[in-house]
Structures are given as C-alpha cells and as structure tokens.
Amino acid sequence: MKVDLTVNGKDISVDVEDRMLLVHLLRDVAGLTATNVGCDTTSCGACTVLLDGESVKSCTVLAAQASGHEVTTVEGLAAGGQMHPVQQAFHTQHGLQCGFCTPGMVMAIVSLLKENPHPTEEQVRNGLEGNLCRCTGYHNIVRAALTAAEASSEVPA
Amino acid sequence: MIPSSFTYQRAGSIEEALALVAEHGDDAKFLAGGHSLLPLMKLRLAAPEVIIDLGGLRELSYITDQGSYVAIGALTRHHDVHSSGLLTRDIPLLAHAAGQVGDPQIRHRGTIGGSIAHADPASDLPATLLALDASIVARGVEGEREIPITEFFQGLFETSLEPEELLTEIRVPKPASPGWSFQKFTQRAIDWAIVGCAVSSGRVALVNMGGTPLRATTVEQALAGGASPAEAAAHAAEGTSAAEDIRATRAYREHLARVLVSRALTESAARS
C-alpha cells in the first residue's frame with residue numbers, strides 16, 4: 001500500500017507492505033538508522049519517536065497508521081547545526097554510556113518537556129518509565145532532562 | 001518481529017467500519033491504538049487477515065459531561081483520559097487509573113475502547129470501569145445497544161460484543177461518594193499488574209484475579225455490614241480463580257489481593 005507521511009519535515013511517499021512497522025520504514029526505507037529496535041515488544045523505548053509531536057514506540061505502530069501524519073526522529077531535532085537543548089544537556093551531563101537507548105531517551109524527554117516544561121525529578125523518573133537503559137545510567141539521564149528543562153526556561157518565550 | 005501478512009483497510013466513518021467488518025467477518029479485526037493487538041500479532045498469537053484501522057475516526061474521541069454521567073468516546077486515548085479536567089474533578093479514579101496504564105508512549109496510542117474490547121483481566125481499565133459501574137455502548141448495522149459492564153466481560157479476552165459490532169462509547173456514572181482508590185502491584189513500572197484493585201462507592205473490583213475482572217462481592221457485603229477495611233479485606237480472595245504464572249503463584253496473588261484491598265479501602269475511606 002502507499003503511505004504518505006512527513007519525516008523530519010520531509011515528505012515521504014512510498015509503497016510498503018501493509019504489515020510494515022513504522023520503525024522499519026524509518027530505518028530501512030528512509031535510511032534514518034538512529035532509531036533503534038531494542039526489545040521489539042513495546043517495553044524498552046529504544047524505538048521512541050514523535051508522532052504528531054508526541055512520543056510513541058515505533059515498533060508498535062504500523063507505517064500505514066502513520067500515513068498522513070508527522071514523524072520526528074532524533075535526526076530531526078538539531079536545527080541549523082545547533083543541538084536541541086535536550087541533546088545539549090545529554091552532552092553536558094554525560095547522559096549516555098553505550099548510547100543504544102539514547103535516541104529513544106532523548107525523544108521521550110522532548111515529549112515529556114513539551115507536556116510538562118518544568119518537571120520535578122520524580123516526574124522525570126515517572127515520565128521515563130517506558131525507557132530502559134541497560135547500562136543503568138539513569139542518574140545522568142534524569143540530570144540531563146532537568147538541565148534541559150532549566151535551559152529551555154532561560155530562553156525568552 | 002513482523003506480523004504475518006494481512007490486508008490493511010482504513011475506515012473513514014463508523015458506517016464504513018461496520019460495512020467492512022460485515023464484509024470480512026471473522027477474518028477481520030478492528031485496530032484502535034494497536035497497543036494490545038499489534039504486540040499479539042508480532043508474536044503471531046493473533047493473525048487476522050484483515051485489519052480495519054479506526055484511527056481516523058476522530059468523532060469517537062471525546063469526553064463529555066452528560067450530567068449524571070460522563071460519556072467517553074471509544075477512541076479516546078489513555079493520555080487524554082488521564083489529563084481530562086472533567087474526569088479529574090468528577091471521576092478522579094478513572095483519570096488516575098488511565099495514568100497507570102503502561103507508560104507515556106503507550107498512553108499516547110492506547111485507547112479506552114481498545115483496552116475494554118480486548119478484555120485482558122490483567123489490564124487496569126476493565127476493573128476500574130467495573131468498580132465505577134460503567135456501561136458500554138455498541139453499534140451494529142441494526143443500531144445501538146447499551147451493555148451494563150457487569151454483563152460485558154464473558155471470559156479471558158471475551159466480551160459480549162457481537163462479531164459485527166463496534167464499541168463506540170463508555171458511559172461512566174459520577175460516583176455517589178467521594179472516596180476512591182486504585183492499587184497496582186507490578187515487578188517493573190510498565191508491567192501489567194500482578195494484582196490490582198479499584199474501589200469506588202462501596203464497590204471493589206480486582207485486576208488479574210481470574211479470567212475476567214471481578215467484583216469482590218464478599219468484601220462489599222462485609223463493608224455494607226459495617227466491617228472495618230482490614231476485616232472486609234480479609235475476604236478479598238473469596239470467589240476468585242487467579243492464574244499461576246511466571247510472576248506469581250495463586251497463593252501469592254490471593255495474599256496480594258487481601259493486602260491491596262486493605263490498602264485501597266483505607267485510602268478510599270481517608271478520601272471520603
């Protein structure tokens with residue numbers, strides 16, 4: 001079937017199998033391989049992307065369901081060579097070890113901060129319940145989320 | 001993992017969805033948010049030949065105040081139920097329980113109608129709606145009917161929906177008394193409940209203590225007879241038939257039911 005969607009601001013129109021998952025469209029068709037497949041069972045959050053601005057697990061969305069919608073992957077965050085505040089915060093707080101969960105963590109935090117721009121540490125930890133870090137680097141990931149929230153509040157509205 | 005092959009159809013209206021399911025019969029499955037059905041299809045535990053995607057039916061996503069009850073469209077997502085000001089004010093148990101389903105990503109996709117129609121006894125919302133004495137609206141080609149939730153869950157993943165009916169709305173009466181509680185015991189934050197419990201207006205419903213969500217009627221009777229939360233909760237496992245699995249034995253689930261019901265009744269009393 002034909003699917004038409006916008007990925008990182010770019011229109012994509014492509015014929016795919018009806019059963020194709022969004023994550024495979026992103027990786028294998030669009031060539032955007034930052035989004036990882038981890039558990040493949042809606043648990044680990046490594047495949048998290050934004051669908052119409054909200055975090056979803058792209059291993060559990062059909063490409064067909066995303067047709068007509070906007071998808072953002074971690075490749076689409078940086079604008080004009082400038083890292084997104086969440087990416088910058090991961091850098092300054094050393095929010096990653098092996099890096100496998102990082103794209104999903106970053107996208108989950110972007111979505112979280114959009115819904116709750118000034119979360120408490122507890123709200124960040126609850127908000128990341130759908131993302132697993134096998135290196136158990138959670139402390140720095142949570143610090144990165146809080147740093148990004150602070151950085152965003154310094155930017156005049 | 002990739003589901004086995006199927007034909008994808010997107011319904012543009014409720015009428016079109018009903019026509020498609022009438023055409024394809026048992027070979028077809030409705031797809032709402034897809035967070036129960038797609039994981040089963042990826043594991044090849046379900047292999048429908050036709051998927052009828054309801055995702056475009058925006059007219060089934062709403063939360064409206066109907067005076068004595070709140071009407072919730074079947075395609076309303078857990079995220080929207082959780083963040084609804086109306087529900088937080090008038091039916092806080094439901095707003096809270098919807099926020100306990102899965103994780104934020106799952107709540108951005110999963111729908112209240114999908115969860116109820118899937119009828120997994122380990123899910124949070126079936127038992128919550130049982131405690132709230134909700135009713136279910138189903139539409140077929142011949143019209144609409146309202147099913148009391150006490151008659152809705154028939155068995156493991158089985159409901160009283162007819163094969164060609166579409167669940168369209170959930171009606172939730174505003175509780176008569178302010179006390180409520182929702183308790184859930186899990187291994188990891190995003191897991192299904194090993195056991196859970198919802199309490200509202202003297203009704204007590206259990207998650208994952210049998211093939212369907214169950215009312216703990218002996219507990220309710222004890223409460224009505226003036227028993228304390230601790231005394232009433234001692235009856236929580238009566239009439240249940242909890243499964244044994246990798247997470248828990250039946251005896252452990254029965255113990256959890258007594259502990260969680262006791263906590264829930266105490267919390268509910270404190271809110272009254």
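1. **Ground rules.** The model is predicted: local features need pLDDT of at least 70, side-chain atom pairs count only at pLDDT 80 or more, and totals for chains, interfaces and linings use all residues. Residues are numbered from 1 along each chain as its sequence is written, while chains are lettered from A and ligands numbered from 1 in the order in which they are written. Helices (H or I, at least four residues) and strands (E, at least two) are DSSP runs, numbered from the N terminus.

2. **Domains of chain A.** Chain A splits into domain 1 (2–76) and domain 2 (85–154). These bounds come from an automatic or database domain assignment. The C-alpha centres of the two domains lie 21 Å apart. Their contact takes 15 residues from domain 1 of chain A and 13 residues from domain 2 of chain A. Two residues are in contact if their C-beta atoms, placed from the backbone, lie within 7 Å.

3. **The domain 1 side of that contact.** Two elements of chain A give two or more residues here: β3 (48–51) and β4 (54–57). β3(A) gives the most, with 3 residues. By class, this side of domain 1 has 7 nonpolar, 7 polar and 1 charged residues. Ala, Val, Leu, Ile, Met, Phe, Trp, Tyr, Cys and Pro count as nonpolar, Asp, Glu, Lys and Arg as charged, and the others, Gly among them, as polar.

4. **The sheet of chain A.** Chain A has an open sheet of 5 strands, in the order β2-β1-β5-β3-β4, with mixed pairing. β2 (10–15) and β4 of chain A stand at the edges with a single partner strand each, so one side of each has no neighbour in the sheet. From one strand to the next, the twist averages 40°. β3(A) and β4(A) pair in the antiparallel sense over 4 bridges. Strands count as paired if DSSP finds at least two bridges between them. A:V49 stands opposite A:V56 in β4(A).

5. **A helix across the sheet strands.** Helix α3 (residues 102–115) of chain A lies across β3 and β4 of chain A, at about 35° to β3(A). For such angles, axes are lines fitted to C-alpha atoms, for helices over the stretch in contact, and values run from 0 to 180 degrees between N-to-C directions.

6. **Chain B against chain A.** The contact takes 22 residues from chain B and 25 residues from chain A. On the chain B side, β1 (7–10), α2 (37–42) and α6 (104–107) give two or more residues. α6(B) gives the most, with 3 residues. The chain B side has 11 nonpolar, 8 polar and 3 charged residues.

7. **Domains of chain B.** The assignment gives domain 1 (7–53), domain 2 (62–173) and domain 3 (180–271). The C-alpha centres of domain 2 and domain 3 of chain B lie 20 Å apart. In their contact, 21 residues of domain 2 meet 21 residues of domain 3. α5 (92–98), α8 (124–131) and β8 (153–155) of chain B each supply at least two residues on the domain 2 side. The largest share, 6 residues, comes from α8(B). By class, the domain 2 side holds 12 nonpolar, 6 polar and 3 charged residues.

8. **Strand β12 of chain B.** In β12 (residues 195–200), 6 of 6 residues are buried. Buried means 20 or more other C-beta atoms within 10 Å of the residue's own; exposed means 12 or fewer, and partly exposed lies in between, with C-beta atoms placed from the backbone. B:V195, B:C197 and B:V199 sit on one side of β12(B), with B:G196, B:A198 and B:S200 on the other. In a regular strand, side chains alternate between the two faces of the sheet.

9. **Partners of β12(B).** Strand β11 (residues 180–185) of chain B pairs with β12(B) in the antiparallel sense over 6 bridges. B:F182 has B:A198 as its bridge partner in β12(B). β12(B) and β13(B) are also antiparallel, over 5 bridges. Here B:G196 stands opposite B:V207. The hairpin of β12(B) and β13(B) has 2 residues between the strands, and B:S201 takes a positive phi near 45°.

10. **Helix α9 of chain B.** Which residues of α9 (residues 217–224) are buried? They are B:V219, B:A222 and B:L223. These residues cover an arc of only 100° around the axis, which puts them on the same side of α9(B). The arc is that of the directions from the helix axis to the C-beta atoms. Their cover includes β13 (203–207), α10 (229–233) and α11 (250–271) of chain B. B:G226 follows α9(B), with a positive phi near 100°.
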